[in-house]
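Here are my notes for you to read alongside the model. Keep the 3D view open and follow the points one by one.

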Amino acid sequence: MSNPAAILPGVQPRRTIDIVNASLKRRYARERRFRLIGAIAVGLGLAFVVLLFADIVSKGYTAFQQTYIRLPVTLTASVIDPAGTRDMESIAGANYSKLIRDALRQQFPEVTDRSELRRLYSILSVGAPQLLQERVMEDPSLIGTSQEIWVLADDDIDMLVKGNIDRDAAQGDRRVTDEAIGWVGQLEQQGRIEKRFNTIFFTHGTSREPELAGIAGALMGSFYTLTLALALSFPIGVGAALYLEEFAPKNRWTDLIEVNINNLAAVPSIVFGLLGLAVFIGFFGVPRSTPLVAAMVLTLMTLPIIIISSRAALKSVPPSIREAALGVGASPLQTQFHHVLPLAMPGMLTGTILGMAHALGETAPLLMIGMIAFIVDVPSGFTDSATVLPVQIFLWADSPERGFVERTSAAIMVLLAFLFLMNFVAVMLRRKFERRW
Amino acid sequence: MVEAIDKATGAMSSAELAGGQHSRATVGDFTAADPRMVCRDVDVWYGSKQAIHGVSLDIGKNEVVSMIGPSGCGKSTFLRSLNRMNDTIVGCRVTGSIQLDGQEIYDKGLDPVPLRARVGMVFQKPNPFPKSIYENVAYGPRIHGLTNNKAELDELVEASLQKAGLWNEVKDRLDQPGTGLSGGQQQRLCIARTIAVSPEVILMDEPCSALDPIATAIVEELIDELRQNFSIAIVTHSMQQAARVSQRTAYFHLGDLIEVGETNHIFTNPQHKLTEDYITGRFG
Amino acid sequence: MVEAIDKATGAMSSAELAGGQHSRATVGDFTAADPRMVCRDVDVWYGSKQAIHGVSLDIGKNEVVSMIGPSGCGKSTFLRSLNRMNDTIVGCRVTGSIQLDGQEIYDKGLDPVPLRARVGMVFQKPNPFPKSIYENVAYGPRIHGLTNNKAELDELVEASLQKAGLWNEVKDRLDQPGTGLSGGQQQRLCIARTIAVSPEVILMDEPCSALDPIATAIVEELIDELRQNFSIAIVTHSMQQAARVSQRTAYFHLGDLIEVGETNHIFTNPQHKLTEDYITGRFG
Amino acid sequence: MYAWILILMLLAVMAVAYQLGIKRAVSSVGGLTQINALHSLPSYYGLYAALWAGIPALLLMGLWIGFQDQIVTSLVTANLSPDMLEGQSSGRIDLILNDIKNLATGNIVSATVTPEVQAAADQYARLERIATWSMWLAVLAVALGGMAYAWRKTGPQMRARNRVESIFLAIMIVFSSIAILTTLGIVLSVLFESLRFFDMVSPVEFFLGTNWSPQIALRADQVGATGAFGAIPLFTGTLMVSLIAMLVAVPIGLMSAIYLSEYAPRNVRAVAKPVIEILAGIPTVVYGFFAALTVAPAIRDLGVSLGLEVASESALAAGLVMGIMIIPFVSSLSDDVINAVPQSMRDGSYALGATQSETIRRVIVPAALPGIVGGILLAVSRAIGETMIVVMAAGMAANLTANPLESVTTVTVQIVTLLTGDQEFDSAKTLAAFALGLTLFLVTLSLNIVALSIVRKYREQYE
Amino acid sequence: RDTINIVGSSTVFPFSTAVAETFGRTMGYKTPKVESTGTGGGMKLFCAGVGVDHPDITNASRRMKASEFENCQKAGAKEITEVKIGFDGIAIANSKKAPQLDLTLKDIFLALAKDVPDASGKIVPNPYKTWKDVNSALPDAKIEVLGPPPTSGTRDAFVELAMEGGCNSIPEIKALKKSDEKKHKAICGGIREDGAYIEAGENDNLIVQKLASNKNALGIFGYSFLDQNTDKVQGSKIAGVEPTYETISDGSYPVSRSIYFYVKNAHVGTIPGIKQFVTEFTSDKAWGPEGYLADKGLISLPDAERASVAKSAQALEPMSKPE
Ligand SMILES: Nc1ncnc2c1ncn2[C@@H]1O[C@H](COP(=O)(O)OP(=O)(O)OP(=O)(O)O)[C@@H](O)[C@H]1O
Ligand SMILES: Nc1ncnc2c1ncn2[C@@H]1O[C@H](COP(=O)(O)OP(=O)(O)OP(=O)(O)O)[C@@H](O)[C@H]1O
Ligand SMILES: [Mg+2]
Ligand SMILES: [Mg+2]
Ligand SMILES: O=P([O-])([O-])[O-]
């Protein structure tokens, strides 16, 4: 053999290592490039998240504060409870609006003209009387006293205080009149204006007034919907995947089903809404606009995602593990539940995370089942009328009032926080199950 | 090689008559006096490729049958068809008759699960579960409810590991993954896992391939001990081992069962040319 | 067993002096006249567990070094550290010095890729790629660009399979998956895959464990042929095999290299008690 | 409210049944020591009993709740005086009953309450009460009955494991069939309207026409109610936007998956993977605004500085942003399957002197291919189904163009706008949504068939 | 069911919800549920039948059509009260940074129609690229108009009010109306699809923001968005009239439409609060020029009309079949 290193005489004129070394630089360049591309890809992915987050947070963080005006309100007993019986019903029905207006008027004795007064009153939120009413009903001992009370300001004033309205612009170019700016300036000087934490946002349902609008209704709606959707879609998806991948005979029919499920993932989500409308609402009489029907529709929508990823995960479990279990006499079902499922669980959880994220952010199918709606009351069950976070976001994003811009972003933050929470458990579980073999 | 078989087949007709009516090509008596498993005319296909051609063989009570033959001749395939492990391979078909204690194991109604609990298997490639060593061994007893409490289970796990000759090496790390063991340790772990459920028939596919002589001796001792109560079929490449542990030996070649007989008989006095060639190493 | 080692260590001091200053416990001369690989004081840890204790051993040019020892003693671990395959195991650390042609292979700057091209490895558990048989063998030559065209590659694949003794069995099914082969066939496929890149040092971890005597003979012949140009380290459980193929033999025990020497010397006249016990089978 | 209590009680019964089942099984063979005489593990007998206690009772409860209101209502209706119902439509009767129910449950009622309505309300409340109580009794009775049945059946010979497993298997089959029923439902819910559409618009025009302009056909009283319904621009638009999205998502997603599972340290992966998954959950409105207000202007400015004619809405902007959204579908699913490839595959390749990237490209990715393709298919599907981003960033003009800098629209966008705009269910305009839906369904179906056969061909099964 | 269900137009949605909220807050009834389904979708639901499963009120950004009315009749919703609640001005606006435009309806038609008459009166595909091409008095800026898609009611109204008005101001086309009505409609109703008119979806906030960042572009959207964003955008004058509350209210601004809601009388008396809701909606403190709806951008009816509509609405007088 002329060439000592060759397995095959004549084929390799040089030693392997020489060939390897000759090409190594190129291969390494490729390796580095590949790795770099990978790092860039991850970096890009993370950068997009950061970018979108920064965008959302920078637009929305101001919504967590709300402008209030401190007014010395006299809670005249004769107005609130003329009979003096402390009867809750009569306390509830009192004219709180008058009390607050009187208090404001005291601050500006010079305003007397009727239309000017009306404009003055409009710096307060229309919801202010109700908030005062709630407060008094909580603590009837306030009746008859005089209190410095933080009264909610109108959304335009809120925007003004937050600097979203340019005080130097021409009067016609802004929502707030010069006169109102004057009043606000005066109140600011007296230290009567303050931005305080916006509890309303977290405790109230939606409203047409930005300052009164809260996310609680949509949040609870999403909570009920997603809980139910998860409870339905995870077992159904995993069960279906398990059956199709591990138990069903492999033939044309199961191929057809596989293709068909892949195809369902590509069906526009609004079509699921049509289906839900026809079947769940039309045929089974499930009530419209409820978390129940939304969850059912979203379940149908997320099932393909969960099934497909679960099947991929099951496929990636090495057959030797199944053989090992079957070999000691485990039944097929035991084999699956004891060995295969735990190993496939990370992929199944990923599918669930993605599916639920999709369901959490989806509006189109809900349109068909009456969830694109204005619903003030916070739902307290699966069959109460409700809306969900993405719908709320969609509706607020489409509202003309300036105040809804920051609330839209704030609502998105809430949605993302919801998503984080939801994913956290799944991610932890996934880490627990993950292993290489 | 094809000619070799043809020649052999020609030279076989007398042996065939002696063997029984089912087999066409096997030399020697493939029946056992007191059979647990009775295989007749077993064919196995992988898709359209036939891997086993009409093999008939019994596995008797309290005996060890060893299967030898060149690599790729179908030993594992045949072994796997004895507890229906071939069911898991897509495209693998088994025909013919295989009976355990008179019961056809490929019967439609037969449940392979208790069958596999009765006919245990040690695979050629060690395949521990990605669980702890303890759990690997305890799994079978757990699902079959063989023990009533933790203490019993601990005892059973220890005994199984002891018998497989692994206890000393792993007793301090029972909670560590079985996949972090050395090759031979994994193999013994799989043996321990199998004997922990005390199957009545044990199929062992080269159980000692990754074992040193000492560990091999321990396993062979185990096999001998198990034989007192159970039946064992073992695939091995070591003719010495076959000679040491088995009462009967079956020689496979290209999917055919060429010859079967008393082990000492086969090794001292093979009937078939192929067997002889193989045993004397004159082959290939 | 612990006492046994202690005793042995006591009895060793003279041998130790002969062996060289690095090793504390090895009996015999662990150096080679014309070494390709030089290992000194190699320790390997899995996490906090030490699997190899200060092993020093050379692998010479044109020689076959066999490593024997009871299961779990660290043969695979040591072998894997020779081409840095241990890098892929999380928590595995290697210290000490391992040189290939005078080059420290655990050097920070050293690149394991050409190293592994030069130091090939056959694993204990056959691990064919989930590709066709052809692609399994062609993979290495392809990534290194060893051939210039398809015809050359075909030729190389055939030659490699021939040498591994697998060609006849698979020549009609080169396009079928390597994972659908029998255990022994997979093992030979992995051997073919390794030799296809003509590494200078070949590490074989029980290459014949799943092979029948005939296939084993073919592989042993191959080893002998490869030795003409390369260096080979082989882990085996078969002392006969070690005796047949290797020039030097190293005996490992519980992570220590107990004794190393000329193969015939070791098998006929072991110095260390543990070695002797192991070789004579008096052990365990 | 009460239903929950009942369900909790059922669970309690099931728990008891479980325990009793075990006890019964154990005692049937004479105690714990004889346990091997049982066919199955005692816990399977327990499960068997629990399932028998739970499933029929739950089914009964579901049916009962589904029908109770109907039955009670019909009883109340039967008792109403005929002149109250005389000549009333069923809808009207509904309303009267609604009033009665509002009264019965103490809600606000609008009309003045006549004695008859009050009586009916009382009757309603009474019947409801009776029905609810009988449901409790019936459900609990069935649960106990189921338990008794299981008790009677339980014995050493009973194949409890097999029975329990067949129940589970049956449940899984039911689950699988949901996917099929969904398909059936979808096809049926778009089929008839599609057929009506094709009555009005010839399929030739729809499938081969290159002009999509439903604008002229706005209203019945508008002229030229024919409109232009050539769907080709919509499909090309869909293709282009999805293609751009895939060009973003597949490389980024796949490379991140590879990097995270093969290169990155474990803790980096533990953080980065879920963070990237957030991208899939950000509401599409956010992406829409991002695409329309950040990306599209940037593209336009860039185009202008290069002297290109760029529309302010472009397929490119929508596709790019959509690509970002679907990255996690590719990255996370691929990451999982790549991670599941056995280490021995990597070892085999490294030992031959392959670099890590060669190993990944030639061994690991092919081995993980089915899963990766699954992820990519999901991503494509999501891209095809997305509307908001396209509407906001790509406009809605149905241009037949191959230029990604022009405005395009997609099938899904048209479906959604047609169904959410001023609908008119007897004009081709709204019906076109259904035809589009059906066509899209068929097109993606055939693409999926192709995809499956390709995957089958290249699938590499390890071990 | 004890809440009022309202469906229908997205244009009326902001007003309807404002009333619903106030109604819920002050009247002691549950706050009605208001769904935004679009006018047509609302009509479909509304006219599907009588009973608790069907909505009580539908909002509309156009009048109910005869066909829809008939559907209602068929389904048993025989008596329907129509309430006209005011006007929705459609503004054509651009960025504050650009000069305010003064357009005529004819300019709008010539700039946006698919086919226009050329100098010789022949109908040709719209050749105009810049506003200056259309009318030499206008700036030399590219025609780029963001507007609603064909599926939306706003687009309908825009075509009817602006485009048709504009095209009828061209005598040749006006003449066509008599000779070839079909062609006339096609010309007047066709909006160009060559990229000058950009169908921008129905998120008006997005249009406003796009305008703010693109000086050249014009946008078509509802008056309430103009009202809220006076610092960013300005409404173009049409025939010299700027879109303001007053001009729309008195009808001098030509591009505005009436908006409505419809009540299913059959539900009154059994679904609690419908009558009170109508009363709330038609009270001056809601829909008057000083009412809270005006603050939301609703443009009130003239006083007299408001009074008469309020009267008939509160009496729930059923409408007759629309023509
Ligand atoms: N990945 C791992 N993690 C932890 N411990 C390991 C790992 N691999 C091997 N070990 C342990 O290290 C020791 C040496 O293992 P090694 O695989 O080197 O043994 P071996 O000599 O090759 O044995 P065999 O002949 O059985 O293959 C054993 O105790 C084994 O359990
Ligand atoms: N899953 C499979 N698909 C297709 N062919 C297979 C499969 N498994 C094994 N074969 C083929 O069937 C024949 C018999 O294989 P088998 O595994 O039974 O051999 P064996 O006797 O066990 O060999 P070894 O001693 O090498 O393990 C061989 O030719 C093998 O290539
Ligand atoms: Mg085998
Ligand atoms: Mg080893
Ligand atoms: O929702 P609209 O019908 O008013 O466009």
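**Notes on two ligand sites**

1. Let's begin with burial: B:Ser76 has 17% relative accessibility, so this residue counts as buried (under 20% relative accessible area, with exposed over 50% and partly exposed in between, using a 1.4 Å probe and protein chains only). B:Gln124, at 15%, counts as buried too.

2. Before going on, some ground rules: this is a predicted model, where local features need pLDDT of at least 70, side-chain atom pairs count only at pLDDT 80 or more, and totals for chains, interfaces and linings use all residues. Residues are numbered from 1 along each chain as its sequence is written, chains are lettered from A and ligands numbered from 1 in the order in which they are written, and side-chain values use heavy atoms, with hydrogens and water left out.

3. What coordinates the magnesium ion (ligand 3)? B:Ser76 does through OG and B:Gln124 through OE1, at 1.9 to 2.1 Å (donors are N, O and S atoms within 2.8 Å of the metal, or 3.2 Å for Na, K and Ca; water is not among the atoms, so sites may look incomplete).

4. Now look at ligand 1. Residues from chains B and C surround it, so the site is shared between chains. There are 21 residues around ligand 1, and B:Ser182, B:Gly184, C:Ser71, C:Ser76 and C:Thr77 come nearest (near means a heavy atom within 4 Å).

5. Check the polar contacts (here, pairs of N or O atoms within 3.5 Å). An oxygen atom of ligand 1 lies 2.3 Å from a side-chain N or O atom of C:Thr77, and one is 2.7 Å from a polar backbone atom of C:Gly72.

Definitions and conventions: Polar contact = N/O pair within 3.5 Å; in protein donor to acceptor, adjacent residues only side chain to side chain.
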